[in-house]
Amino acid sequence: MTLDEEYMGMALKEAIKGGGHVNPNPQVGAVIVKDGRVIARGHHERFGGPHAERMAFAHCEADPRGATLYVTLEPCCHTGKTPPCTDIILEKGIARVVVGSRDPNPLVDGGGIALLRSHGVAVEAGVMKEVCDAINRPFFHYITHRTPWVQMKVAMTADGHIATRTGASRWVSGEESRAQVQELRGRLAGIMVGVGTVLTDDPLLTCRLPGGHNPVRIICDTHLRTPLEAQVVKTAGEVPTLIATAEDGGPKAEALSRAGCTVLPVGAGPGGVDLKALMVELGRRGIDSVLLEGGAGLNESALRAGIVQALRIYLAPKIFGGKGAPSPVGGLGVALPDEAWRLKNPAVTMVGEDIRVDWEVL
């Protein structure tokens, strides 16, 4: 590992501290090094707050003039909720900037790097790019498509079942895997399920980690069957809850609204609510990422609608068997192997006794 990679690794550790708090902004970390010593660290802490570079300068222990700044994402060169970070980098006399990811935001997209170079700052771009890119997949998708990055999460047995033939599903995966899912809930902006999950499990759909950030709850409910006594409705005053439906008003919609839910009429699509229209509406509301924890029906509809960008599977060392035991993706499925939804770039990790596989969806 080079020194640049070592310091960029420190900046990455700073960046992930903002997970769940900065959406729809990116997670960014910064480290300032002078004469072989780290003199400042900082990260983007909250949406609308100072960017990582400014946070690092605010905590600087020495004069940064002539130092090297390591930052996981290209410094911004435009005025948004905060002034351009390129301004303060030039003002503080930074001699060299090492960048991880290039910012795809059309307002930046190479402009920050170009501006710094035009003022005589040495810029090294693309250091640990793959790792820096990976922490901001939701931001990259959102800033270019204006719709949420959707990650489907599945826990299943070695023979491909998410529950037994009786519908029992607690628990398929191990404790370590379930803890990771709570971390996912805390980092992503929204969590989405179908009304069938609400009717069957009556979940709370919150992040159960101490001090964890609760995602916005999104219920796909074509005909407004969500019970008023469901946990997601009773706690809608505490955790934002959106109910996407094909219904247009009516007494049930009014009752859910009075309980604190936001009812979103998005029309009907194949198999339920119009998921493409829903993604556009969520993007308009600043929801940059969604964890899809649906059942087999919603999973199939989401894949068919083309809204899923990533898939995470926790494969448990168990076999349920049984023709009636549900699998992760229901519906009609495809007729021919060539019609399959294709995946790429697998990453395999052991989590306790489970195998976690992460894929991108083509």
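Predicted model: local features only at pLDDT ≥ 70, side-chain atom pairs only at ≥ 80, totals over all residues.
Let's start inside. The largest nonpolar core has 30 residues. Within that core, M192, L275, L278 and V308 make the most contacts. Which elements give two or more residues to this core? On the strand side, they are β6 (149-157), β8 (216-220), β9 (241-245), β13 (289-292) and β14 (310-316). On the helix side, they are α11 (275-284) and α12 (296-305).

Take V308 from that list. Leaving out residues up to four places away in sequence, V308 touches V150, M152, L292, A302, L303 and V361. Another core lies apart from the largest one. That other core has 24 residues, among them A52, L69, V71 and I113.

Stay with α12 for a moment. S301 lies in this helix. Is S301 buried or exposed? S301 counts as buried, because its relative accessibility is 12% and the cut-off for buried is under 20%. Beyond residues up to four places away in sequence, S301 touches P270, G271 and L275. L275 is one of the residues with the most contacts inside the largest core.

Now the pocket. The largest pocket has a volume of about 1,200 Å³. How many residues line this pocket? The lining takes in 47 residues. Nearest the pocket centre are T197, D201, E293, G294 and G295. Several elements give two or more residues to the lining. They are β6, α7, β7 (190-194), α8 (195-201), β12 (272-273) and α12.

Next, a histidine. H161 sits in the loop between β6 and α7 (175-187). H161 counts as buried, at 11% relative accessibility. What does the H161 side chain reach at 3.1 Å? It is the backbone oxygen of A325. A polar atom of the H161 side chain also lies 3.5 Å from the backbone oxygen of P326. Here are the contacts of H161, again without residues up to four places away in sequence. H161 touches A155, M156, V172, F320, G321, G322, A325 and P326.

On to helix α10. This helix runs over residues 251-258. Its buried residues are A253, A255 and L256. Why do these three count as being on the same side of α10? Because they cover an arc of only 160 degrees around the axis. P251 and R258, on the other side of α10, are exposed. The buried residues of α10 pack against α9 (231-234), β9 and β10 (262-265). Just after α10 comes G260, with a positive phi of about 110 degrees.

A quick look at F140. This residue is found in helix α6, residues 137-145. F140 is buried, with a relative accessible area of 15%. Leaving aside neighbours within four places in sequence, F140 is in contact with L73, S101, R102, P104 and D133. How far apart are F140 and D274? In sequence, they are 134 residues apart. In space, they are 24 Å apart, C-alpha to C-alpha.

Last, the backbone. Most residues other than glycine have a negative phi, and most peptide bonds are trans. So let's look at the exceptions.

Two cis peptide bonds to show you. One runs from N23 to P24, with omega near 5 degrees. P24 lies in the loop between α1 (3-15) and β1 (29-34). Another cis peptide bond joins R170 and W171, with omega about -5 degrees. W171 is found in the loop between β6 and α7. H161 has its place in that loop too.

Then positive phi. L205 is not a glycine, yet L205 has a positive phi of about 60 degrees. L205 lies in the loop between α8 and β8. L205 is buried, with a relative accessible area of 4%. N345 is not a glycine either, and N345 has a positive phi of about 55 degrees. The place of N345 is in strand β15, residues 343-351. Where does N345 fall on accessibility, buried, partly exposed or exposed? N345 is partly exposed, with a relative accessible area of 47%.

Key: Residues numbered from 1 in each chain as written. Heavy atoms only, no water. Core = buried A, V, L, I, M, F, W, Y, C linked by side-chain atoms within 4.5 Å. Buried < 20%, exposed > 50% of the residue type's maximum accessible area, 1.4 Å probe, protein only. Helix = DSSP H or I, 4+ residues; strand = E, 2+ residues; numbered from the N terminus. Contact = heavy atoms within 4.5 Å. Polar contact = N/O pair within 3.5 Å; in protein donor to acceptor, adjacent residues only side chain to side chain. Arc of directions from axis to C-beta. 1 Å grid on protein atoms, 1.4 Å probe; cavity = no way out; pocket = protein on both sides within 12 Å on 5 of 7 lines; lining within 4 Å. Points joined across faces, edges and corners; volume = space filled by probe spheres on them.
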